[in-house]
Amino acid sequence: MKIVDVNIRELKVPLKHAYALSKAYGVQTTTCNIVVEIVTDNGVSGWGECDPWAEFTGDTGETVISLLKGIIGPRLIGMDPTDIMAIHALMDSSLRGNHTAKACIDVACYDILGKTYGAPVYKFIGGKLRDSVKCFWAVGGGTADETAKAVADVKARGFYGCMIKVGNNYRIDAERTLAAREAVGDAFPLIADANQGWDVRTAILYGRAVEKVNLLFLEQPVKYTDINGLAKIRQSVSMPISADESVTTIQDAEQLVRFAACDYFSVKVSKNGGIAPMKRICDFAADAGVDVFFNSMHEEGITQSASLHVACTVSNLLAETGHSFFSTMRLDGDITDFKYWTEDGVTKLRNRPGLGFEINWDNLEKYTVRSCSVLR
Ligand SMILES: [Mg+2]
């Protein structure tokens, strides 16, 4: 089997509600998703997605398309898409970094692998330990009252935990956090994500101000490069620390462990460069005694299903909370059927060949803002 072309689309999907994040990111109102369809000479095609976000991943829709069309894509023509390690070796030798661009190719190749051999993707990455994963929800910024109401609503809707976005004025964020805990009682898993919004001192002040809240963890309080800072915060506050923006590559993961800088890794298919690199980070974490939290960008159902396949295979999935499989539910529309995979707060695998989703062609056309292929 040989790759004969790669169709590339850029999607912009409005969020149902504006999403206020830390001062490092501001307010989000729409997604940017790159969707590829790898076409082969035997009629099987595979779908991949990646979710660039300049301030987060260092990529944009434009840079990803440029790299796919100009550098990665032409070199893929003629390769066997089921030789996924060879595909990664070629991508890595052709292009330093740019993990997001590589992620959509990796995901599409796994989809083809599964469809070719008639089995779900999880079968090719170790097999599953579970059929489903509990789902949580995340709420953006607002007043203390608004945050409390939003978190109570998440609990009432049956989700297994809630992340609140912090990383702005730490005193106001602490009030919001206290109000959220008050609204849902002691047992409900609550996570705070500062998305690089603070310096070390401010993060410690916040951590101490919410010590009695029993946060499940505090995610990425400082800039992604500040590994010493993460370690210092971890030593200074009572709640566990999660690394998100700080863990892109396996080398990042190794460094975080070496510096004892965090308790958990927050992993994402797009950020980590696809299914294979993400799985490698999860396995390394398992050996290092670090649990993994399956997180997401603003993702359509292709990335979300890829993430679920990996989540069902890892031995060190953080057990105390739900994980991020709600992304398509906060979008104006889904280009797959993924949002129907979640019922009563639990997201279940579909045992179909490949990644297992069905494309919603109407929505795919509706949200496509530009398209091209490697050959056209
Ligand atoms: Mg995060």
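In the predicted model, helix α2 (residues 61–76) lies across strands β1 (3–11), β4, β5 and β16, and its direction makes about 180° with that of β1. Helix α4 also packs on the sheet, where it touches β4 and β5 and runs at about 150° to β5. The sheet itself is open and consists of four strands in the order β5-β4-β1-β16, with antiparallel pairing. Its edges are formed by β5 and β16 (368–373), each of which pairs on one side only. From one strand to the next, the twist averages 20°. Strands of a sheet pair through backbone hydrogen bonds, in either a parallel or an antiparallel arrangement. Between β4 and β5 the antiparallel pairing extends over six bridges; V39 has S45 of β5 as its bridge partner.

The domain assignment divides the chain into domain 1, comprising 3–118 + 360–373, and domain 2, comprising 124–348. The C-alpha centres of domain 1 and domain 2 are separated by 23 Å. Their contact involves 40 residues from domain 1 and 37 residues from domain 2. On the side of domain 1 that touches domain 2, at least two residues each are supplied by β2 (14–20), β4 (33–40), β5 (45–50), α1 (54–57), α3 (84–94), α4 (99–117) and α13 (361–367). The greatest contribution to this side of domain 1 comes from α4, with nine residues. Classified by residue type, the side of domain 1 that touches domain 2 contains 21 nonpolar, twelve polar and seven charged residues.

In soluble globular proteins, nonpolar side chains tend to be buried together. The largest nonpolar core of the model has 116 residues, and V36, C162, L215, F265 and V292 are those with the most contacts inside it. Helix α4 provides the largest share of this core, ten residues. Because domain 1 (3–118 + 360–373) and domain 2 (124–348) both give residues to the core, it lies between them. For L215, one of the core residues with the most contacts, the contacts beyond its neighbours within four places in sequence are with L190, I191, A192, V210 and M239.

N195 counts as buried because it has 22 C-beta neighbours inside 10 Å, where 20 or more are required. Q196 has 24 such neighbours inside 10 Å and therefore also counts as buried.

A further loop, between α9 (250–258) and β12 (264–267), contains D263. With 17 other C-beta atoms within 10 Å, D263 is partly exposed. Apart from its neighbours within four places in sequence, D263 is in contact with F217, P240, I241 and S242. D263 and V374 are 111 residues apart in sequence, and their C-alpha atoms are 42 Å apart in space.

Terms used: Residues are numbered from 1 along each chain as its sequence is written. This is a predicted model: local features need pLDDT of at least 70, side-chain atom pairs count only at pLDDT 80 or more; totals for chains, interfaces and linings use all residues. Domain bounds come from an automatic or database domain assignment. Two residues are in contact if their C-beta atoms, placed from the backbone, lie within 7 Å. Ala, Val, Leu, Ile, Met, Phe, Trp, Tyr, Cys and Pro count as nonpolar, Asp, Glu, Lys and Arg as charged, and the others, Gly among them, as polar. A residue is buried if 20 or more other C-beta atoms lie within 10 Å of its own, exposed if 12 or fewer, and partly exposed in between; C-beta atoms are placed from the backbone. Two strands pair if DSSP finds at least two bridges between them. Axes are lines fitted to C-alpha atoms, for helices over the stretch in contact, and angles run from 0 to 180 degrees between N-to-C directions. A nonpolar core is a set of buried Ala, Val, Leu, Ile, Met, Phe, Trp, Tyr and Cys residues joined through C-beta atoms within 7 Å.
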